[in-house]
Amino acid sequence: MNQALESLLDLLDLEQIEQDIFRGQSRSAVVPRVFGGQVAAQALVAAGRTVPGERHAHSLHAYFLRPGDPGAPIVYTVDRIRDGRSFTTRRVVAVQHGQPIFHLSASFQTYEDGLEHQAAMPPAPDPETLPTAAEMLPRYADAFVEPGVAERLLEAREAVDLRYVDAPPFGSVGTPQEPRSQVWFRTNGKLHGVIDEPLLHVCLATYVSDMTLLDSVLLAHGRGGWAVGDVVGASLDHAMWFHRPFRADEWLLYDQESPSASGGRGLGQARIYTREGQLAISVIQEGVVRVPR
């Protein structure tokens with residue numbers, strides 16, 4: 001396990017300061033606000049800490065309300081909405097400087113047998129045949145508006161081995177394409193010992209899910225993204241459904257597409273598959289995607 005992954009795991013290990021109240025730290029991101037995936041993952045950790053261990057997260061629905069301050073801690077307050085015979089529901093509000101910055105509702109369920117079917121996994125190359133971020137990002141350093149962006153992106157993603165199947169948006173500026181994108185990802189190191197629990201794998205996948213989901217919106221219009229300077233944007237809302245068990249330290253295929261963009265917003269939807277072809281997660285996110293004036 002590398003140091004960056006250890007740092008990420010520490011970030012997700014919230015401090016309990018009162019019953020159903022937790023405090024999480026932040027760290028600098030590549031943009032001057034808290035990374036949305038961090039807030040979503042920490043909020044899910046807070047919710048999960050109030051739920052019996054035999055109940056596993058099966059869905060979350062969240063709204064990003066205000067930009068987070070990476071220099072200040074975040075307080076997460078959990079509201080125990082319902083504890084039923086099979087399902088548990090929690091609501092979490094993340095607060096900084098006295099104002100809510102994020103709101104999450106999450107549902108947990110005890111395991112039960114039921115009907116089974118799934119969408120087939122799309123074709124994708126073997127992840128080991130694809131370039132790593134360290135190999136890929138320096139190629140596009142000249143496309144970024146500021147020097148050092150490639151290095152900041154590498155640092156921000158050091159805890160995760162994330163590999164693009166095709167060129168990312170900042171590698172194909174000016175050429176509109178099909179609004180589809182694929183990446184493989186896994187943590188940069190194996191999880192083991194007392195930290196190796198289902199909730200942690202779900203929270204790590206939640207963290208990564210906010211990294212590339214709107215790429216397909218950019219690809220449809222030949223835009224490179226904030227690092228290139230041809231769009232500005234931010235996540236608005238985020239929803240995930242966890243269908244089957246998976247491990248975040250084993251390869252997962254993030255198959256993403258955008259069905260619509262309008263009104264200064266873009267919609268991304270995706271499915272996350274295990275390497276063996278099981279559909280593990282469905283994801284939908286809408287974000288602000290504006291062309292600078």
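In what order do the 12 strands of the open sheet run?

1. The order is E1-E2-E4-E5-E6-E3-E9-E12-E11-E10-E8-E7, with antiparallel pairing. Strands here are DSSP runs (E, at least two residues; helices are H or I, at least four), numbered from the N terminus, and two of them pair if DSSP finds at least two bridges between them. At the edges sit E1 (15-18) and E7 (160-164), each pairing on one side only. From one strand to the next, the twist averages 25°.

2. Before going on: this is a predicted model, where local features need pLDDT of at least 70 and side-chain atom pairs count only at pLDDT 80 or more, while totals for chains, interfaces and linings use all residues. Residues are numbered from 1 along each chain as its sequence is written, and side-chain values use heavy atoms, with hydrogens and water left out.

3. Arginine 82 has threonine 89 in E5 as its bridge partner.

4. Helix H2 (residues 36-48) packs on the sheet, touching E2, E3, E4, E5, E6 and E9; contact means heavy atoms within 4.5 Å. The direction of H2 makes about 50° with that of E6. Angles run from 0 to 180 degrees between N-to-C directions, with axes fitted to C-alpha atoms (for helices, over the stretch in contact).

5. H5 packs on the sheet too, touching strands including E7, E8 and E10. Its direction makes about 150° with that of E9.
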